[in-house]
Amino acid sequence: MAMDVETLEDSRHHRYVLNMGPQHPSTHGVLRILLELEGEYAMELLPVLGYGHRCHEKIAEHKPVKSFMPNTARMDYLGALIYNHGYAHLLEKAAGVEVPERAEYIRVITSELNRIQSHLLWYGAYLLDLGAFTPIMYAFDDREHILDILEDVTGSRLTYCYFRVGGVSKDIDDKFVTSTRAFIKRLRSRFPMYEDLVNGNIILQKRLNDVGELTPQLCARYGVTGPLLRGTGVDYDMRRAEPYSIYPQFDFEIPTETKGDCMASFLVRFREMEQSLRIIEQALDGLPEGPVMAAKVPKKLKIPAGDYNASVEAPRGELSYYLVSDGSDVPYRLKVRTPSYSNLSVVPEMCQGMLLSDVVSAMGALDLVIPEIDR
Amino acid sequence: MKSYFSELFTGAWSLILGLKVTIKALFTPIVTCQYPREKLEITPNYRGHIDLVKFADTGTHKCITCGSCMRDCPSDCIVVDGEKREGVKGKALTVFTLDFTKCSLCGACVEVCPTKALDYSNEYELAGYAREDFHYDLLKRVEERE
């Protein structure tokens, strides 16, 4: 910015600091953002973290690897199964456990249902931030069906602990298959309704278009992944970039947009739901018979000494687990790379000079889950 | 100028389309449930806190006090203890408590149990005034249950 000292001092004089959060209706959890405002423009932003820190990574260093599974679900409560999936994938890779094919199919189906559920909640909550109250009611109506389907098979509604090293804890039945098929049909029929109610709405267009623009270079600098990165035109998705599980067998697209603004990531998420439905449909058609747990998983899972890494595509971006083992059944170090943390770090640069109401739009488009940032 | 009016028109039309959805929803059946007054049926697979199973053939639980659940619990919320009694093979169960405030419902205890003596309860209406309200004595619960 070309500003001489005098005007800078003068404008500093008019600036004031505003706390957004830690408990603010438009931050979903205890995230605090220090805003330095000049009139209604946010000139500096500083996210303050740590209100929900629970030392998950440290806990992992103190107990057997298998016992950490329920903790993974608590990190991102909206993508619990996908976090389970990543961790199970890591341990299977490290200990060389073969997973039965049926278990992999069940994992993919439930993970994708979880992804749709996460996007639906984001959809409702985001529009709630923007001041539209009704859409969350429609989104939760649909989301409730997924929760019921998953509750029937996993036993919980939000923080699932369903995957095990070598498979899943419970087999799915015919009821699951029929209700999932019914749900696919239902959600497909609801998409035009969402289109009419929200996506075409002029107020939404005005609030999202050209707000919070990202470029692929900026994303690369901050490590921004997920729908935000795909909104800038880069088709980076861990399910394609580094295929895991049985994803290579399925035919699906990676939705991308080119503009990189809030509207782009909004549309990417919306179209991702459709792609997830496609994956579920194919997986249900090809569901093989067989066991859902590997036959020989040692009770005490010893990880050979070395470094291991496993990445999966979480609803918000790339999730990586990095495990350093010293040969025992307790990890020496477990590092979790969560997408929201990197996505949040772009905020100060992305939102500089924005109107305060646009900051809310841009922050909502990041789809932040605060426990995942703090862990 | 022309784009101004066309935007005005498309904008107004988008709002009317949205209202159409809302009005249509007004005539669809109610999807919510008035919770305390009416309750939805809960799936039998729901995982509440763990409970000792009462077996009909013996009229009691089947815990052999091996302590596998206690060892496998990631949060150390189960305490199992037993004593040697005359005429009873192995150890007889004297203490089985669960600190539900620490439990994360992972299911490790239920899966590791060699006699399938543990199962999930279906309780979901949990509220209390003190932490101790969630320290369950499972042995007492299984004896009191019909």
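Two strands pair if DSSP finds at least two bridges between them. Keep that cut-off in mind as you work through these exercises on a predicted model.

**Exercise 1. Which strands does β7(A) pair with, and over how many bridges?**

Step 1. Start with β6(A), residues 306-314, and β7(A), residues 317-325: they pair in the antiparallel sense over 9 bridges.
Step 2. Look at what links them: a hairpin through 2 residues joins β6(A) to β7(A).
Step 3. Pick out a facing pair, V312(A) and, opposite it in β7(A), L319(A).
Step 4. Now turn to β8(A), residues 333-337, which runs antiparallel to β7(A) and is joined to it by 5 bridges. Here L323(A) has L334(A) of β8(A) as its bridge partner.

**Exercise 2. What is the strand order of the open sheet of 4 strands in chain A, and which strands are at its edges?**

Step 1. Trace the order β1-β2-β3-β9, with antiparallel pairing.
Step 2. Find the strands that pair on one side only: β1 (16-20) and β9 (354-355) of chain A are the edge strands.
Step 3. Check the pairing of β9(A) with β3(A), residues 41-48: it is antiparallel and has 2 bridges. In this pair, Y41(A) stands opposite L355(A).

**Exercise 3. How far does helix α7(A) reach, where does it bend, and what covers its buried residues?**

Step 1. Follow α7(A) through its 26 residues, 174-199; from first C-alpha to last it reaches 35 Å, close to the 38 Å expected at 1.5 Å a residue.
Step 2. Stop at M193(A), where α7(A) bends by about 30°.

**Exercise 4. How many residues of chain B are in contact with chain A, and what kinds of residue are they?**

Step 1. Count the two sides: 20 residues of chain B are in contact with 19 of chain A.
Step 2. Find the element of chain B that gives the most to its side, namely α1(B), with 8 residues.
Step 3. Sort the chain B side by type: 9 nonpolar, 8 polar and 3 charged.

**Exercise 5. Which residues touch the most other members of the largest nonpolar core?**

Step 1. Among the 119 core residues, these are Y83(A), Y87(A), C351(A), A362(A), L368(A), C109(B) and L118(B). The element that gives the most to this core is α5(A), with 13 residues.
Step 2. Zoom in on Y87(A): leaving aside neighbours within four places in sequence, its contacts are F68(A), M69(A), T72(A) and Y321(A).

How values were computed
Residues numbered from 1 in each chain as written. Chains lettered and ligands numbered in written order. Predicted model: local features only at pLDDT ≥ 70, side-chain atom pairs only at ≥ 80, totals over all residues. Expected span 1.5 Å × (residues − 1). Bend = angle between axes of the 7 residues up to and from the residue. Contact = placed C-beta atoms within 7 Å. Nonpolar A, V, L, I, M, F, W, Y, C, P; charged D, E, K, R; others polar. Core = buried A, V, L, I, M, F, W, Y, C linked by C-beta atoms within 7 Å. Buried ≥ 20, exposed ≤ 12 C-beta atoms within 10 Å, placed from the backbone.
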